[in-house]
Amino acid sequence: MAENIVIIGAGQAGIQAVESLRKEGFTGPITMVGDEAYPPYQRPPLSKAYLLGAFERARLFLKADNYYAEAGCELILNTSAKAIHRAERMVELNDGRKLAYDKLLLATGARVRKLRCPGADLPGVHYLKTIADVDGLQAVFQAGKRIAIVGGGYIGLEVAAVGAKRGLDVTVFEAMDRLMARAVSPVLSDFYAREHEKAGVKLKLNTGVEGFEGNGKVERVIAGGKAYDADIVLVGIGVIPCQELAQDAGLACTDGIVVDQNARTADPHIWAAGDCTRHTGREGQEIRLECVQNAIDQAKHAALSMTDKHKTYSEVPWFWSDQYDLKLQIAGLARPTDTLVLRGDPATRKFAVFHLRDGKVAAVEAVNAAPEYMIGKKLVAEGKAVAAETLADLSIPMKQMA
Amino acid sequence: MKYKVTYIEDSGKAHTVELAEGWSLMEGAVKHLIPGIDADCGGACACATCQVYIAPEWQAKLPPKSEMEETMLDFAPDVKPTSRLSCQLRMEAELDGIVLNLPKSQH
């Protein structure tokens with residue numbers, strides 16, 4: 001009998017694995033289990049076009065409904081996995097069902113980090129991760145409403161941009177001294193702060209939120225010792241990898257399910273891919289990535305490995321964020337010790353920051369600057385050295401540096 | 001309204017499907033399981049993995065390339081003068097019956 005594969009998690013990594021397994025010639029049965037009501041869908045538009053109302057729900061789904069039958073993939077939705085019984089090679093679902101597997105892929109993703117401060121459970125405090133989350137937020141996301149956004153990261157700022165566009169009164173609370181501090185360099189933080197302020201967004205930096213107050217629903221945010229009136233609160237303070245299933249089964253987890261560069265866990269029958277994993281990155285450091293690129297590429301490598309074709313995962317991570325008419329594209333992972341080179345003038349709303357490490361291009365952050373991003377990504381992949389003066393010189397086209 | 005679009009794989013295999021007005025030509029391929037378009041970023045013009053070739057007679061009916069599309073395309077593999085990023089093209093009455101040729105690979 002052909003061996004069978006079970007995939008826990010029906011997100012970007014899970015569906016990529018199904019597609020790649022079939023592409024790599026795997027012909028056995030595949031079962032994919034997801035805890036949401038929907039088949040795999042794209043999350044990036046949730047905080048952008050979908051929240052804005054410019055993207056209908058049907059467009060979010062990664063595959064047509066008939067894909068699953070044609071691909072021979074049984075989709076079990078609204079169901080989570082309760083336990084992995086490794087000795088029996090069986091997954092127990094929360095509805096009592098038991099799925100035997102020959103090979104198992106954990107693509108459980110991540111869930112939002114929740115605030116624990118007083119009032120955090122009041123109605124009106126929203127998070128954004130799923131279609132259901134956005135639909136809940138949509139219902140109250142109306143012009144004139146005051147929205148307090150906790151966290152000045154990608155999610156918070158994308159919602160701030162959509163809110164400003166939709167005519168909401170937007171205030172962003174950020175505990176750090178600059179926006180997107182975990183993701184971008186200070187030049188970009190400052191640039192984005194000015195853009196948001198120009199759009200009418202109020203920024204409260206160095207301002208941690210201490211709690212929420214209200215009668216039956218949230219009415220005020222307490223931050224930095226002051227009270228701010230708010231009709232809606234949106235919290236975007238990061239995610240936590242969904243690793244409990246692996247952990248309870250005795251698999252190594254350290255802020256993510258530990259996998260090697262073939263997406264394998266220490267159990268020869270279990271792989272993991274996407275936001276839920278921690279792996280050794282291309283630069284040799286242990287990392288956990290939260291992005292579409294990692295979900296896609298790691299799932300592809302898992303599929304290769306599951307079909308006995310091992311290839312080391314060493315793709316350059318890339319990220320993007322849409323805020324207003326600004327497209328931010330990042331390739332590579334920056335470090336605080338990198339030498340920064342600015343190319344172009346932020347005042348033109350088109351510029352890039354290159355990160356040099358030992359003279360080599362290690363990362364690039366590009367705003368409305370596709371050549372800088374695309375060539376920069378190539379330079380990062382090749383570990384190519386380019387002089388800072390060359391990178392900074394707009395009269396030298398990026399193509400000449402490739 | 002729905003309109004017809006034909007995708008031709010590099011192998012010559014053709015697929016004609018219907019696509020709703022306003023949806024992108026990239027989505028038409030992805031949702032109808034037509035191989036040859038990866039669209040890793042889902043249509044954000046951030047990855048250049050949805051390249052298609054469009055015959056000159058249809059080119060005239062397409063909106064011009066944005067600067068972003070133009071520059072992203074510069075770095076896609078096997079780019080030709082007839083290349084476009086299909087995520088940036090929306091279905092409309094004018095494009096009913098359009099034919100798109102798919103490249104061998106998007107990477």
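Guide: Read from the N terminus, the elements of chain B follow the order β-β-α-β-α-α-β-β. That gives chain B 3 helices and 5 strands. The model is a predicted one, and every value quoted here is computed from it. The radius of gyration of chain B is 12 Å, close to the 13 Å that the globule rule gives for 107 residues, so chain B is as compact as a globular protein of that length. Along the principal axes, the C-alpha atoms of chain B fill a box of roughly 35 × 30 × 25 Å. Of its 107 residues, 42% count as buried. Among the contacts in chain B with a separation of 6 or more, 63% are between residues 24 or more positions apart.

Let us begin with C87(B), which is placed in the loop between β4 (83–85) and β5 (98–101) of chain B. Is C87(B) buried or exposed? A residue is called buried if 20 or more other C-beta atoms lie within 10 Å of its own. C87(B) has 27 C-beta neighbours inside 10 Å, and therefore counts as buried. If neighbours within four places in sequence are left aside, C87(B) is in contact with S24(B), M26(B), A39(B), G43(B), C45(B) and C50(B). Another cysteine, C41(B), stands 46 residues from C87(B) along the chain, and the C-alpha atoms of the two are separated by 9.7 Å.

The second residue is G12(B), found in the loop between β1 (2–8) and β2 (14–20) of chain B. Between the C-alpha atoms of G12(B) and R84(B), which are 72 residues apart along the chain, the separation is 19 Å.

Chain B also touches chain A. To this contact chain B gives 15 residues and chain A gives 16 residues. On the side of chain B, the elements that give two or more residues are α1 (25–31) and α3 (67–74). The largest share of that side, 4 residues, comes from α3(B). By residue type, the side of chain B that touches chain A divides into 8 nonpolar, 3 polar and 4 charged residues.

Several strands of chain A pair with one another. Strand β10 (residues 146–150) of chain A runs parallel to β11(A), and 5 bridges join the two. In this pairing, I147(A) stands opposite V170(A) in β11(A). Of the 5 residues of strand β11 (residues 169–173) of chain A, 4 are buried, so the strand is largely enclosed by the rest of the structure.

Strand β10(A) also pairs with β16(A), again in the parallel sense, over 4 bridges. Here V150(A) has V235(A) in β16(A) as its bridge partner. Strand β9 (residues 125–127) of chain A is likewise parallel to β16(A), joined to it by 3 bridges. The bridge partner of H126(A) in β16(A) is L234(A). Within strand β16 (residues 232–235) of chain A, I232(A) and L234(A) point one way, V233(A) and V235(A) point the other way, and all are buried.

Helix α8 (residues 292–306) of chain A has 15 residues and reaches 21 Å from its first C-alpha to its last, close to the 21 Å expected at 1.5 Å a residue. This helix is mostly covered, for 14 of the 15 residues of α8(A) are buried. After α8(A) comes D308(A), whose phi is positive, near 60°.

Notes
Residues numbered from 1 in each chain as written. Chains lettered and ligands numbered in written order. Predicted model: local features only at pLDDT ≥ 70, side-chain atom pairs only at ≥ 80, totals over all residues. Expected span 1.5 Å × (residues − 1). Buried ≥ 20, exposed ≤ 12 C-beta atoms within 10 Å, placed from the backbone. Rg over C-alpha atoms; globule rule 2.2 N^0.38 Å. Contact = placed C-beta atoms within 7 Å. Nonpolar A, V, L, I, M, F, W, Y, C, P; charged D, E, K, R; others polar. Pairing = 2+ DSSP bridges.
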